Amino acid sequence: MSGIIADNSGRSSGLVKAAGGGGKVLQVVGALDETTRSLNSTSWGAFGNTMTLTLTPAATSSKIWLVFHFAMWTGTQNVKSMVYRSIGGAGATALSTRSSMKADGGNSHHPFSSTAFYDSPNTTSECVYNIYFSVSGSNCVLNRGYNSGYDGIGQSIAMEIDGS
């Protein structure tokens with residue numbers, strides 16, 4: 001792994017350079033989901049969200065940094081999220097350990113929930129990433145803020161990082 005030059009004194013740009021070949025950002029893709037969506041299944045699913053990220057790594061050594069950020073209203077239910085990946089059109093497989101949002105016994109609002117994952121896909125085939133959810137009951141709403149009418153948006157970003 002390459003080192004990072006962290007001393008920015010004297011540089012007016014404020015940029016930090018990566019030493020050697022690795023650590024450079026090769027490509028960035030992002031997606032938005034501005035629609036509120038009801039989640040009501042104990043099975044893992046994307047529930048139609050449009051935070052899907054598609055990229056084709058430049059090298060098998062590339063690393064992918066993923067961030068999914070969303071608003072969630074859970075009512076009295078518990079909801080879990082997990083990052084899934086499909087390579088070259090194959091079926092989606094779970095990558096991350098699940099992240100849980102627990103209801104507090106009343107209406108629970110998670111206006112700024114995030115899930116992140118660092119992936120090493122070891123391929124130059126197309127990779128498709130998405131966030132899946134599982135709900136302990138019914139009545140969870142993705143991209144809903146504190147009250148109806150104060151809706152949030154789902155955002156996702158994937159950065160390919162040179163792993164050489």
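Reader: What makes Asp33 and Arg37 a salt bridge?

Author: Their closest N and O atoms are 2.8 Å apart, and a salt bridge is a side-chain nitrogen of Lys or Arg within 4 Å of a carboxyl oxygen of Asp or Glu, so the pair qualifies. Bear in mind that this is a predicted model, where local features need pLDDT of at least 70 and side-chain atom pairs count only at pLDDT 80 or more, while totals for chains, interfaces and linings use all residues. Residues are numbered from 1 along each chain as its sequence is written, and side-chain values use heavy atoms, with hydrogens and water left out.

Reader: How many salt bridges are there, and which side chains does Asp119 meet?

Author: The structure holds 2. Asp119 pairs with Arg85 at 2.8 Å, N to O. Arg85 sits in strand β5 (residues 79-87) and Asp119 in strand β8, so they tie together parts 34 residues apart in sequence. Strands here are DSSP runs (E, at least two residues), numbered from the N terminus. Both Arg85 and Asp119 are buried.

Reader: Why is Thr115 called buried?

Author: Its relative accessible area is 5%, and buried means under 20% (exposed is over 50%, partly exposed in between; 1.4 Å probe, protein chains only), so Thr115 is buried.

Reader: And why does Val28 count as partly exposed?

Author: Val28 comes in at 46% relative accessibility, so it falls in that in-between range. Val28 belongs to strand β1 (residues 25-33).

Reader: What is the chain's average pLDDT?

Author: pLDDT, the predictor's confidence in each residue from 0 to 100, averages 78 here, and 71% of the residues score at least 70.

How values were computed:
Helices (H or I, at least four residues) and strands (E, at least two) are DSSP runs, numbered from the N terminus.
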